[in-house]
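Hello,

Here is the structure I promised to send over. Have a look at it first, and then read on for what turned up.

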Amino acid sequence: MRILFALPVGVALGLLLGGRVDRLEHLRFRWPWLAIGGLLAQVVLFSDAGYALAGSLTPALYVVSTLAVLVAVARNLAQPGMLLVGLGALANLAAILANGGSMPADPGALALAGLSPVDHANSVVLANPALQPLTDVYAAPAWVPFANVFSVGDVLIGLGIAIAIAAAMRTRAPGGTTAPEVAPVPEVRPLPDAAPVPAVTPLPEVSPVDPPAARS
């Protein structure tokens, strides 16, 4: 859900700041295959078929996929917004590891989102979850499309992704930097043809003067 809502928010923010959508091609993300692979693994893992197939391996696979995304984010910390994404991923990973490989969800948050623990495969309901402030204690109301529960780590991840998109939309040159405005070079006009130099008449030769004869 964090990515689903971060994309339009990032595009809207970029447009408000004077960016352009076509400049997203300047976004340079290293090791994208690792981040995409980790996210796709979680999408499959949290589906009914994936959850049933993984069975008892679900917590371990959840941790491994989260670690994969975290490594990819660490490789791109120089990009705007990636620090927030990294902090959010660390917060989620800490909560998952502290609770046996699953992300605890608050029952009230699940009810607000119109969900139950049964149909929310990636979260569990615990009486006293460890690191409770980092767990899924927030929720989008059920009337919101794709309503779900989320954590403070999810908020940081979504905010970081939105900042990365907005920054890429304002980037004018590859490499993540804004190219400076270059003043146009003034037109150089050719000089007019010079008038021909008149021929110079050579001076006549001057014969040397003999010195006067010496007096006796």
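Let me start with helix α2, which covers residues 32-45 of this predicted model. This helix has 14 residues and reaches 20 Å from its first C-alpha to its last, close to the 20 Å expected at 1.5 Å a residue. Which of its residues are buried? They are Leu34, Ala35, Gly38, Gln42 and Leu45. Seen down the axis of α2, these buried residues fall within an arc of 100°, so they line one face of the helix. As you will know, an α-helix has 3.6 residues a turn, so residues three or four places apart point the same way. On the other side of α2 you will find Trp33, Leu40, Val43 and Val44, which are exposed.

Next, the aromatic rings. The structure holds two aromatic pairs. In one of them, the ring centres of Trp31 and Trp33 are 6.4 Å apart and the planes are at 40°, so this pair is tilted. Trp31 is partly exposed, at 36% relative accessibility, whereas Trp33 is exposed, with a relative accessible area of 59%.

The other pair is made by Tyr138 and Phe150: the ring centres are 5.9 Å apart and the planes are at 25°, so the pair counts as stacked. It links distant parts of the chain, with Tyr138 in strand β3 (residues 138-139) and Phe150 in strand β4 (residues 149-150), twelve residues apart.

The charged end of Arg75 sits over the ring of Trp31, 5.3 Å from the ring centre.

Finally, two backbone points to check on your screen. Leu131 is not a glycine, yet has a positive phi of about 50°. Leu131 lies in the loop between β2 (123-124) and β3 and is partly exposed, with a relative accessible area of 42%. Phe146 also has a positive phi, near 60°, in a residue other than glycine. Where does Phe146 lie? Its place is the loop between β3 and β4, and Phe146 is exposed, with a relative accessible area of 62%.

Happy browsing, and do write back with any thoughts.

Best wishes

Methods: Residues are numbered from 1 along each chain as its sequence is written. This is a predicted model: local features need pLDDT of at least 70, side-chain atom pairs count only at pLDDT 80 or more; totals for chains, interfaces and linings use all residues. Side-chain values use heavy atoms; hydrogens and water are left out. Helices (H or I, at least four residues) and strands (E, at least two) are DSSP runs, numbered from the N terminus. The expected span of a helix is 1.5 Å times one less than its number of residues. Buried means under 20% relative accessible area, exposed over 50%, partly exposed in between (1.4 Å probe, protein chains only). The arc is that of the directions from the helix axis to the C-beta atoms. Rings of Phe, Tyr and Trp (its six-membered ring) pair if their centres lie within 6.5 Å; planes under 30 degrees apart count as stacked, over 60 as edge-to-face and the rest as tilted. A charge sits over a ring if NZ of Lys or CZ of Arg is within 6 Å of the ring centre and within 35 degrees of the ring normal.
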